[in-house]
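Me: I'm new to this structure and would like to learn how to read its pockets and its core. Could you walk me through them?

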Amino acid sequence: MKLIEYKNVNVYQESQLVLQNVDFEVGEGEFIYITGKVGTGKSSFLKTLYGELPVKEGEARVMGVDMVELKRRHLPELRKKLGIIFQDFQLLTDRSVDANLRFVLKATGWKNKVEIDQRINDVLELVGMATKGYKMPSELSGGEQQRIVIARAILNRPKLILADEPTGNLDVETGRQISELLQRICRAGSTVIMITHNLNLIDQYPGRQFLCDNHRLVEVEYKLERASVEELD
């Protein structure tokens with residue numbers, strides 16, 4: 001099953017054309033890297049996948065939803081099916097880890113307290129944060145906060161996870177651990193699309209790679225010589 005189907009899509013940031021004639025198809029269980037220089041459209045492209053930027057030209061479907069015809073009022077329903085991981089975390093700083101996760105579950109329709117408690121315990125254990133539920137975000141390291149953001153993203157068992165530079169603000173070893181965690185989540189059945197500048201991660205954890213360059217989004221053959229990729233990145 002195709003989770004994403006883009007054909008001849010043009011991506012705009014306000015009135016500026018960022019990417020043109022994008023053809024992009026992703027199936028279940030894939031791990032996708034998007035690379036490229038700053039300002040080449042990586043984050044703008046990702047934003048079209050969850051409706052933050054509208055798609056006005058071309059054909060685009062995400063999780064069966066026509067993104068060209070999508071109305072703003074229907075965005076929450078689409079986003080319930082997605083997990084979104086932001087580089088800057090976007091945790092609610094005035095409440096604990098547990099309360100952050102509880103807020104998301106209640107906002108997406110969970111009502112049974114026992115089931116809510118169990119799901120929070122499950123995701124915190126999965127990301128290695130089982131004993132941190134009582135902590136405030138400010139009491140956590142950057143890597144720990146990113147693990148909580150990943151826990152938040154997988155609460156509703158999404159088939160598609162979108163990660164915008166999830167290792168960008170982390171040290172090398174913590175970034176590697178976060179990448180390994182996302183790989184495990186992918187192997188468990190979720191498709192992951194991850195923006196990264198770190199080509200070493202692609203060597204360690206292979207996946208399909210797409211490059212944003214010169215207003216295009218093109219797939220890069222994994223066996224391509226590293227030097228030629230770095231010239232473009």
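This is a predicted model: local features need pLDDT of at least 70, side-chain atom pairs count only at pLDDT 80 or more; totals for chains, interfaces and linings use all residues.

Me: Which residues lie nearest the centre of the largest pocket?

Reply: Look for Arg79, Ile84, Val104, Thr108 and Arg152, which belong to a lining of 21 residues. By class, that lining holds 12 nonpolar, five polar and four charged residues.

Me: Which element gives the largest share of the lining of the largest pocket?

Reply: That is H3, with four residues. Helix H2 (75–79), strand E6 (82–85) and helix H5 (142–153) are among the other elements that each supply at least two.

Me: How much space lies in the second largest pocket?

Reply: About 160 Å³. Its lining includes Ser43, Tyr50, Phe86 and Asp164, and the classes there are two nonpolar, three polar and four charged.

Me: Now for the core. Which residues have the most contacts inside the largest nonpolar core?

Reply: Ile85, Leu124, Ile150 and Met194 do, in a core of 38 residues. Helix H4 (113–126), helix H6 (172–187) and strand E8 (191–195) are among the elements that each supply at least two residues of this core. Another core, of 34 residues, lies apart from it, with Ile4, Val9, Val62 and Ile195 among its members.

Me: What does methionine 194 touch, leaving out residues up to four places away in sequence?

Reply: Its partners include Phe31, Tyr33, Ala163, Leu182 and Leu201.

Terms used. Residues are numbered from 1 along each chain as its sequence is written. Side-chain values use heavy atoms; hydrogens and water are left out. On a 1 Å grid over the protein atoms alone, a cavity is a set of points where a 1.4 Å probe fits but cannot get out, and a pocket is an open set with protein on both sides within 12 Å along at least five of seven lines; lining residues have an atom within 4 Å of a point. Ala, Val, Leu, Ile, Met, Phe, Trp, Tyr, Cys and Pro count as nonpolar, Asp, Glu, Lys and Arg as charged, and the others, Gly among them, as polar. Grid points are joined across faces, edges and corners, and a volume is the space filled by probe spheres set on the points. A nonpolar core is a set of buried Ala, Val, Leu, Ile, Met, Phe, Trp, Tyr and Cys residues joined through side-chain atoms within 4.5 Å. Buried means under 20% relative accessible area, exposed over 50%, partly exposed in between (1.4 Å probe, protein chains only). Contact means heavy atoms within 4.5 Å.
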